[in-house]
Amino acid sequence: MTAGPADRATTWERVAELSQIEATFPLGVKLADGTRVCLVRDGSVVHAVEDRCPHRDFALSGGDVVAPCVLECPWHGARFDVRTGEVLQGPATDAIRVYEVRVEAGSVWVRGADSAPGTAS
């Protein structure tokens with residue numbers, strides 16, 4: 001399901017198995033183009049956001065899920081809603097990019113990197 005850069009907007013990539021994602025621990029993965037994505041599980045639903053805190057460029061996958069759908073950066077404690085990318089607590093002030101996700105037969109698929117901060121495409 002991969003395609004060239006011109007087709008990136010409609011490309012879905014298999015990035016993990018649902019069983020690899022624990023409810024309270026994010027999982028960092030990379031898309032084929034090297035984009036770092038952080039997966040967060042909420043029951044059978046998986047959310048995907050950029051794996052980069054906009055405050056100081058630290059990997060969010062090293063943080064914790066501190067409440068359902070709330071991811072905390074391990075460096076300075078910024079918190080984000082993984083459903084919308086919205087900042088819930090500073091010091092970060094910019095939203096994070098949200099990616100569209102689907103789960104099929106236990107596999108987690110993420111849509112390519114054409115979404116904007118705070119939105120899913």
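Guide: A salt bridge is a side-chain nitrogen of Lys or Arg within 4 Å of a carboxyl oxygen of Asp or Glu. In general, side chains of opposite charge can pair when their charged atoms come close. The model shown here is predicted, and it holds seven salt bridges.

One of them joins R79 to E72, with the closest N and O atoms 2.8 Å apart. R79 is partly exposed, its relative accessible area being 28%. E72, by contrast, counts as buried because its relative accessibility of 19% falls under the 20% limit for that term.

Another salt bridge pairs D81 with R83, and here the closest N and O atoms are 2.8 Å apart. D81 is buried, with a relative accessible area of 8%, whereas R83 is partly exposed at 47%.

A further salt bridge brings together the side chains of R102 and E104, at 3.2 Å from N to O. R102 is partly exposed, having a relative accessible area of 22%. E104 likewise counts as partly exposed, with a relative accessibility of 40%.

Salt bridges also link E50, R52 and D57 in a network. Beyond its neighbours within four places in sequence, V49 is in contact with residues including V37, L71, V82 and I96.

Methods:
Residues are numbered from 1 along each chain as its sequence is written. This is a predicted model: local features need pLDDT of at least 70, side-chain atom pairs count only at pLDDT 80 or more; totals for chains, interfaces and linings use all residues. Side-chain values use heavy atoms; hydrogens and water are left out. Contact means heavy atoms within 4.5 Å. Buried means under 20% relative accessible area, exposed over 50%, partly exposed in between (1.4 Å probe, protein chains only).
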